[in-house]
Amino acid sequence: MIEKIGTNAGKVWTLLDKSGTQNIKDLKKSSKLTDKDLYAALGWLAREGKISLVQKEKELFVSLI
C-alpha cells in the first residue's frame, strides 16, 4: 500500500508541476484517482512539505511549494 501511495503522490506532483494550482475536483478528474487514493497522495505530499493547501470559500486548492 505504501508503494501505491508513493506512486500516486508522484502522479499528483507531476500534474501540479505541469498545470499549476488546481482545485480538488479538477485534480481528481485529471489524475483519475479515487477519493481515497487522491487524499492519501495529498497527505503524503503535505507531510513531505511539497504542497500547499488553501481553502477559498468552499473549494480546496492545491499547489506545489
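Read along the sequence, the protein chain of this predicted model follows the pattern α-β-α-α-β-β, with 3 helices and 3 strands. Helices (H or I, at least four residues) and strands (E, at least two) are DSSP runs, numbered from the N terminus. The radius of gyration is 11 Å, close to the 11 Å that the globule rule gives for 65 residues, so the chain is as compact as a globular protein of that length. That radius is taken over C-alpha atoms, and the rule is 2.2 Å times the number of residues to the power 0.38.

**Basis of the model**
- Residues are numbered from 1 along each chain as its sequence is written, and side-chain values use heavy atoms, leaving out hydrogens and water.
- Because the model is predicted, local features need pLDDT of at least 70 and side-chain atom pairs count only at pLDDT 80 or more, while totals for chains, interfaces and linings use all residues.

**Overall dimensions and packing**
- The C-alpha atoms fill a box of roughly 35 × 20 × 20 Å along the principal axes.
- Of the 65 residues, 31% count as buried (under 20% relative accessible area, with exposed over 50% and partly exposed in between; 1.4 Å probe, protein chains only).
- Among contacts (heavy atoms within 4.5 Å) with a separation of 6 or more, 49% join residues 24 or more positions apart.

**Residue Asn8**
- Asn8 belongs to helix α1, which covers residues 2–19.
- With a relative accessible area of 9%, Asn8 is buried.
- Apart from neighbours within four places in sequence, Asn8 is in contact with Leu33, Asp37 and Ala41.
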